[in-house]
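Please look over the helix packing in the model below. My notes follow as numbered points.

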Amino acid sequence: MLRAVAEAHRIDGDDATAAALLLEAHALAPAVRPLTVETLAALLAAGCPADALTLIDRLPPGDRAHGRIRLLEARAALAAGERDRTGRILRDGLVVPDLREGEDALDELWFAYHGEECDLPADYDFRMS
């Protein structure tokens, strides 16, 4: 129920309320990884990267190591000004098993961290062009 109400708020453009509701839902079902991913994405959309990092820091190691969560961690760290944390994730190698061809999350992260003049490694290039 909380997730559905959060989605309605997200559709209406109320990212802050959506994130708060998803945090509440996550507290009730912390072992549901897709809910964790959705909550982290909502926190980033709401401009709350520090809250996203706090949630990530409390996750069990298996969830923290999941590629999609590591991607969101890198994005949150960059948004929160924790460039070293983002750099470590990129240097360690970021594999997101559910990344789809054409999804630009990795190249956006890479260029946001390194700048447009830096070449994108082939492992991070899922662009269609």
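**Notes on helix packing**

1. Helix H4 (residues 49–57) packs on helix H6 (residues 67–79) at an angle of about 140 degrees, and their axes are 8 Å apart. Helices here are DSSP runs (H or I, at least four residues), numbered from the N terminus. Axes are lines fitted to C-alpha atoms over the stretch in contact, and angles run from 0 to 180 degrees between N-to-C directions. This is a predicted model: local features need pLDDT of at least 70, side-chain atom pairs count only at pLDDT 80 or more, and totals for chains, interfaces and linings use all residues. Residues are numbered from 1 along each chain as its sequence is written, and side-chain values use heavy atoms, without hydrogens or water.

2. H4 and H6 are therefore oblique to each other. Angles under 35 degrees count as roughly parallel, over 145 as roughly antiparallel, 65 to 115 as roughly perpendicular, and the rest as oblique.

3. On the H4 side, Pro 49, Ala 52, Leu 53 and Ile 56 make the contact. H6 supplies Ile 69, Leu 72, Glu 73, Ala 76, Ala 77 and Ala 79. Contact means heavy atoms within 4.5 Å. Nine of these residues are nonpolar, none is polar and one is charged. Ala, Val, Leu, Ile, Met, Phe, Trp, Tyr, Cys and Pro count as nonpolar, Asp, Glu, Lys and Arg as charged, and the others, Gly among them, as polar.

4. H6 also meets helix H7 (residues 83–92): their axes come within 7 Å and cross at roughly 150 degrees. H6 and H7 are therefore roughly antiparallel.

5. Arg 70, Glu 73, Ala 74, Ala 77 and Leu 78 of H6 touch Arg 83, Arg 85, Thr 86, Ile 89 and Asp 92 of H7. This contact has four nonpolar residues, one polar and five charged.

How values were computed:
Helix = DSSP H or I, 4+ residues; strand = E, 2+ residues; numbered from the N terminus.
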